[in-house]
Amino acid sequence: MSMLEQTASRYRSLKLTTTASQLADLIAQAEANEISYLSFADQLVSNELNHRLHTRVQRNFRQAGFPARKFLEDFDYRHQTTITKRQINSLLDFNFIDDRNNLIFIGPPGVGKTHLAIGIGIKAIEAGYKILFRNALDLVEDLEMFEMKGELKKRISQISKYDLIIIDELGYLPMLQQARYNLFQLINALYEFRSIVLTTNKDFTSWGDFFHNDNVAIPIVDRIIHHSHIFMMGGESYRIKEKMKI
Ligand code: ADP
Ligand code: MG
């Protein structure tokens, strides 16, 4: 075994796998550029850290479960005038996540609620946060499955590991009592502990009706609204606009 191979394998034994596999190149570059010992020492560690960060972001992206890739850069604020670029950009310091605040996008179908929720989620992942995206019905089904196995608590604590939980399309269809109860358990666990982004077509005034004014549902709404930025969106459906073009 050459000295290079030996050194690389010792890096590997310390789990510095990127350094181990790129050691020859890194040394060759350092020699060619005649960089200082200190720069070289720094380059080894920076290279390893950057690679780890990249891997982690990729993993978080996969785990988020976005239904589509929607980027904030592609959002057209000339079409959607009930929200401004400045409002959305001001969220991207992610203080709302650090402060456990919620975002609520309310509006009719097609106005860009899900697009914005995914776009913000992607930026948050790039900033190092762990995100979970779930359609409300899928989330309810998911909770129900664990509840039937007697593992609701366990599932809720798994979900609570994410910094931000995006619940898409809450309120589109009515839910059964047990489903509301499970959802309440989740919201309760997340309350003031994690952030929620919610998209819904229901204005709060009708949420009571939607939840049949029951004593489980109203506290759900209270807990979500408390500490939240609410965006009331309107306008034409973008889907219809796209159709008209053709
Ligand atoms: P909602 O969740 O409000 O029903 P979506 O976010 O799913 O609406 O938007 C419907 C479609 O139109 C998506 O493909 C989305 O990317 C696109 N879209 C909506 N609003 C805009 C916009 N202002 N700029 C660019 N694309 C948009
Ligand atoms: Mg949507």
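**Figure 1. Asparagine 182 in helix α9.** Asparagine 182 sits in helix α9, where helices (H or I, at least four residues) and strands (E, at least two) are DSSP runs numbered from the N terminus. The model is predicted: local features need pLDDT of at least 70, side-chain atom pairs count only at pLDDT 80 or more, and totals for chains, interfaces and linings use all residues. Residues are numbered from 1 along each chain as its sequence is written, chains are lettered from A and ligands numbered from 1 in the order in which they are written, and side-chain values use heavy atoms, with hydrogens and water left out. Asparagine 182 has a relative accessible area of 0% and is buried; buried means under 20% relative accessible area, exposed over 50%, and partly exposed in between (1.4 Å probe, protein chains only). Its contacts, leaving aside neighbours within four places in sequence, are Leu143, Glu144, Glu147, Leu152 and Ile156. Contact here means heavy atoms within 4.5 Å.

Figure 2. Helix α7 covers residues 136-148. Its 13 residues reach 18 Å from the first C-alpha to the last, close to the 18 Å expected at 1.5 Å a residue. The expected span is 1.5 Å times one less than the number of residues in the helix. Ala136, Leu139, Val140, Asp142, Leu143 and Phe146 of α7 are buried. Viewed down the axis of α7, these buried residues fall within an arc of 160°, so they line one face of the helix. The arc is that of the directions from the helix axis to the C-beta atoms. An α-helix has 3.6 residues a turn, so residues three or four places apart point the same way. The buried residues of α7 pack against β2 (131-135), α8, β3 (164-170) and α9 (177-190). Glu141 and Met148, on the other side of α7, are exposed.

**Figure 3. The crossing of α7 and α8.** The axes of α7 and helix α8 (residues 152-159) come within 7 Å and cross at roughly 135°. Axes are lines fitted to C-alpha atoms, for helices over the stretch in contact, and angles run from 0 to 180 degrees between N-to-C directions. The two helices are therefore oblique to each other; angles under 35 degrees count as roughly parallel, over 145 as roughly antiparallel, 65 to 115 as roughly perpendicular and the rest as oblique. On the α7 side the contact is made by Leu139, Asp142, Leu143, Phe146 and Glu147, and on the α8 side by Leu152, Arg155, Ile156 and Ile159. By class, this contact has six nonpolar, no polar and three charged residues. Ala, Val, Leu, Ile, Met, Phe, Trp, Tyr, Cys and Pro count as nonpolar, Asp, Glu, Lys and Arg as charged, and the others, Gly among them, as polar.

Figure 4. The 14 residues of helix α6 (residues 113-126) should span 20 Å at 1.5 Å a residue, and the end C-alpha atoms are 20 Å apart, which agrees. In α6, 11 of the 14 residues are buried, so the helix is largely enclosed by the rest of the structure. Among the buried residues are Lys113, His115 and Ile125. Lysine 123 also belongs to α6, but at 22% relative accessibility lysine 123 counts as partly exposed. Lysine 123 is in contact with Leu72, Glu73, Leu92 and Phe94, leaving aside neighbours within four places in sequence. The C-alpha atoms of lysine 123 and phenylalanine 71 are separated by 8.5 Å, although the two are 52 residues apart along the chain. Glycine 128 follows α6 and has a positive phi, near 105°.

**Figure 5. Histidine 226 and glutamate 192.** Histidine 226 is in the loop between α11 (217-225) and β5 (228-232). Histidine 226 is partly exposed, with a relative accessible area of 38%. Beyond neighbours within four places in sequence, histidine 226 is in contact with Asn102, Tyr191 and Glu192. Histidine 226 and glutamate 192 are 34 residues apart in sequence, and their C-alpha atoms are 9.1 Å apart in space. Glutamate 192 lies in the loop between α9 and β4 (195-200) and is partly exposed, with a relative accessible area of 45%. Glutamate 192 is not a glycine, yet its phi is positive, about 60°. Most residues other than glycine have a negative phi.
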